[in-house]
Amino acid sequence: MSTLSSDKLTLAELAKRVSDGNVQTVAEVLNETNDFLTDAAWIEANQLTGHKGTIRQSLPSGTWRQINDGVTEESSKTRQITEGIGLLEALSKIDEEEVDISPNPTQFRQLEDEAFLEGMGQNFADTFIYGNTEKNPNQFHGLAPRLDDASYANVIDAGGSGSDLTSIYVVQWGPNRSHFIYPKNSQIGIEVNDKGLQLVDGDNSGQFYAYVTQFKLKVGLFVHDARCVWRIANIETPSSSSNSFDPDDLIRLLRKLPFNGRGAVIYANGDLLADLDVETQDKTNVNYSPDNPYGRPVTTFRGFPVRQVDAILSTESEIT
């Protein structure tokens, strides 16, 4: 007896989406909020599969001298870093019979495309936070692996322990700070290519015609200046816990950002932001405020945007 393949769109799945001769809207209960793309800068890579940049390591300081006395010879020092670009790809293959018998073939395919876009978007967000090229060289290197030691200058330890922790990440976006990279002759974001009807392999034997859609995302993360990415780690949730989020930690962090904090955005997950939003109702609160700079409510902390990124876990393990 044959079994249904879980990675293909089946007639049973089609039946769930059709009611009274109409394609139903799917309740997207698996969707997440990952708002980092609102602020992120994108730069075209200067290499085929990555981006090379130069970082200043030291500056000449000059010599105090007297008349007829010499000046010490100096020069600046630099080093080069290279970040790679990851390729995330997916293929949707829907049997032409399913599409053709659907009451609205275009809408039916569009609903499936939306699911792929949401899933790949979540994968992108997960990699932005936790991608680790040492464990998976096909990814790009995310924030958490860059900031995985509490002794680093740009990591603040909130003092929590165990594996029920979360973090706040702060990123300064800009061409000479932090930005995403994409290959030359490519596009920003997820490419959607309708490949039309193609002959594909069946689950058990033979071939059949399917409508094929290709999804591709080519992206990397380049950090020019390590001072432009920060993490407050080991935060206990909820706010009633000991070693929970302390606003003083974030105030001190923001004061340490270069370029007066220009382009900085604060990222936290929904659990932690719920605690922060409660604090906005506190009449004695002077740090948080709701604002509407983009036509929708945005929480700010001392003027810096605070964005929700559900990819940030509330089950992080303690870093030491």
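Reader: Hi! Before we look around, what is a polar contact?

Author: A polar contact is a pair of N or O atoms within 3.5 Å; within protein, one must be able to donate a hydrogen and the other to accept it, and residues adjacent in sequence count only if both atoms are side-chain atoms. At the start of helix 5, for example, a side-chain oxygen of Asp246 comes within 3.0 Å of the backbone nitrogen of Asp248.

Reader: Thanks! What kind of model is this?

Author: This is a predicted model, where local features need pLDDT of at least 70 and side-chain atom pairs count only at pLDDT 80 or more, while totals for chains, interfaces and linings use all residues. Residues are numbered from 1 along each chain as its sequence is written, and side-chain values use heavy atoms, with hydrogens and water left out.

Reader: How many helices and strands are there?

Author: The chain has six helices and 16 strands. Both are DSSP runs numbered from the N terminus: helices are H or I with at least four residues, strands are E with at least two.

Reader: And how much of the chain is buried?

Author: Of its 320 residues, 44% count as buried. Buried means under 20% relative accessible area, exposed over 50%, and partly exposed in between (1.4 Å probe, protein chains only). As for contacts (heavy atoms within 4.5 Å), 75% of those between residues at least 6 apart in sequence join residues at least 24 apart.

Reader: Back to helix 5. Which of its residues are buried?

Author: In helix 5, residues 247-255, the buried ones are Pro247, Asp249, Leu250, Leu253 and Leu254. They fall within an arc of 155° seen down the axis, so they line one face of helix 5. That arc is taken from the directions from the helix axis to the C-beta atoms.

Reader: What does the face turned away from the buried side carry?

Author: That face of helix 5 carries the exposed residues Arg252 and Arg255.

Reader: New topic: how many aromatic pairs are there?

Author: The structure holds 14 aromatic pairs. One of them is Phe128 with Tyr267, edge-to-face, at 6.3 Å centre to centre and 85° between the planes. Rings of Phe, Tyr and Trp (its six-membered ring) pair if their centres lie within 6.5 Å; planes under 30 degrees apart are stacked, over 60 edge-to-face, and the rest tilted.

Reader: Where do those two sit in the chain?

Author: Phe128 is in helix 3 (residues 105-130) and Tyr267 in strand 13 (residues 264-268), so to speak distant parts of the chain, 139 residues apart. Phe128 and Tyr267 are both buried. They also belong to a cluster linked by ring pairs, whose members include Phe36, Trp42 and Trp173.

Reader: What sits over the ring of Phe259?

Author: The charged end of Arg177 does, 5.3 Å from the ring centre. To count, NZ of Lys or CZ of Arg must be within 6 Å of the ring centre and within 35 degrees of the ring normal. Phe259 is in the loop between helix 5 and strand 13, is partly exposed at 35% relative accessible area, and has a positive phi of about 55° although it is not a glycine.

Reader: Last one: is Asn34 buried or exposed?

Author: Asn34 is buried, with a relative accessible area of 17%. Asn34 lies in the loop between strand 2 (22-23) and strand 3 (42-44). A polar atom of the Asn34 side chain is 3.1 Å from the backbone nitrogen of Asp310. Leaving aside neighbours within four places in sequence, Asn34 is in contact with residues including Gln122, Ala125 and Val309.
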